[in-house]
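Subject: Structure handover, with notes

Hello,

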Amino acid sequence: QPQLVESGGGLVQFGGSLRLSCAASGFTLNNYAIGWFRQTPEKERQGVSREGFGCISTSGGLTKYDDSVKGRFTISRDNANNTVYLQMNGLKPEDTGVYYCAAAWSSGDVCQYKPPLRLDYWGQGTQVTVSS
């Protein structure tokens with residue numbers, strides 16, 4: 001059964017770092033672009049569901065980031081190990097939330113994290129909490 005599993009979340013202080021992993025099982029990530037999404041308490045209060053903030057293409061040659069994380073977050077992938085990573089530095093309290101990865105089959109070396117999106121698999125999410 002194909003699935004994505006996120007790990008690496010936790011509690012960190014303002015300015016700290018975390019690295020999240022998104023591991024695929026039951027399918028090969030090589031042909032899938034990966035997007036990262038998060039559900040923050042603020043957005044939840046506004047009635048907004050999880051929002052994308054970055055993505056990586058099938059080869060890893062293309063990455064895109066939202067302005068809110070650009071320069072602080074880095075997405076990478078290791079196709080040989082069927083895993084994508086999210087390195088988060090300079091964490092802020094507003095980064096607190098549940099982080100999800102999602103896979104979209106792609107015939108080209110492209111990626112998207114803003115709607116409209118066609119996503120094939122979602123992970124279950126991992127909690128990231130940044131204390132002030």
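Let me begin with a disulfide (a pair of cysteine sulfur atoms within 2.5 Å): the torsion about the S-S bond of Cys55 and Cys111 is about 60°, so this disulfide is right-handed. Before going further, please keep in mind that this is a predicted model, in which local features need pLDDT of at least 70 and side-chain atom pairs count only at pLDDT 80 or more, while totals for chains, interfaces and linings use all residues. Residues are numbered from 1 along each chain as its sequence is written, and side-chain values use heavy atoms, with hydrogens and water left out.

**The disulfides**

In general terms, a disulfide is a covalent bond between the sulfur atoms of two cysteines. The sulfur atoms of Cys55 and Cys111 are 2.1 Å apart. This pair links distant parts of the chain, since Cys55 is in strand E5 and Cys111 is in the loop between E9 and strand E10 (121-122), 56 residues apart. For these names, helices (H or I, at least four residues) and strands (E, at least two) are DSSP runs, numbered from the N terminus.

The structure holds two disulfides, and another pair to look at is Cys22 with Cys101, joined with an S to S distance of 2.1 Å. The link of Cys22 and Cys101 is right-handed, with 80° about the S-S bond. Cys22 lies in strand E3 (residues 18-25) and Cys101 in strand E9, so the pair ties together parts that are 79 residues apart in sequence. Cys22 counts as buried because its relative accessibility is 0%, and Cys101 is buried with a relative accessible area of 0%. If you count the bonded cysteines along the chain, the disulfides follow the pattern 1-3, 2-4.

**The pockets**

In general, rolling a probe the size of a water molecule over the atoms shows where empty space is left. The search used a 1 Å grid over the protein atoms alone, and a pocket is an open set of points where a 1.4 Å probe fits, with protein on both sides within 12 Å along at least five of seven lines; lining residues have an atom within 4 Å of a point. Grid points are joined across faces, edges and corners, and a volume is the space filled by probe spheres set on the points.

The largest pocket has a volume of about 230 Å³ and is lined by 13 residues, of which Arg38, Lys43, Glu51, Asp66 and Ser68 lie nearest its centre. Helix H1 (41-45) and strand E5 (51-56) each supply at least two residues of this lining, and the largest share, three residues, comes from E5. Which kinds of residue make up the lining of the largest pocket? It divides into one nonpolar, three polar and nine charged residues, where Ala, Val, Leu, Ile, Met, Phe, Trp, Tyr, Cys and Pro count as nonpolar, Asp, Glu, Lys and Arg as charged, and the others, Gly among them, as polar.

The second largest pocket has a volume of about 180 Å³, and of its 14 lining residues, Ala33, Ala104, Cys111, Gln112 and Arg118 lie nearest its centre. Its lining divides into 10 nonpolar, three polar and one charged, and the largest share of that lining, three residues, comes from E4.

**Two residues to look at**

Tyr113 lies in the loop between E9 and E10 and, at 8% relative accessibility, counts as buried. The side chain of Tyr113 reaches the backbone oxygen of Tyr65 at 3.3 Å, and a polar atom of that side chain lies 3.2 Å from the backbone nitrogen of Asp66.

Thr58 is found in the loop between E5 and strand E6 (63-65), and counts as buried at 11% relative accessibility. The side chains of Thr58 and Asp109 are joined by a polar contact of 3.1 Å (a pair of N or O atoms within 3.5 Å; within protein, one must be able to donate a hydrogen and the other to accept it, and residues adjacent in sequence count only if both atoms are side-chain atoms).

Best wishes

Key
Buried means under 20% relative accessible area, exposed over 50%, partly exposed in between (1.4 Å probe, protein chains only).
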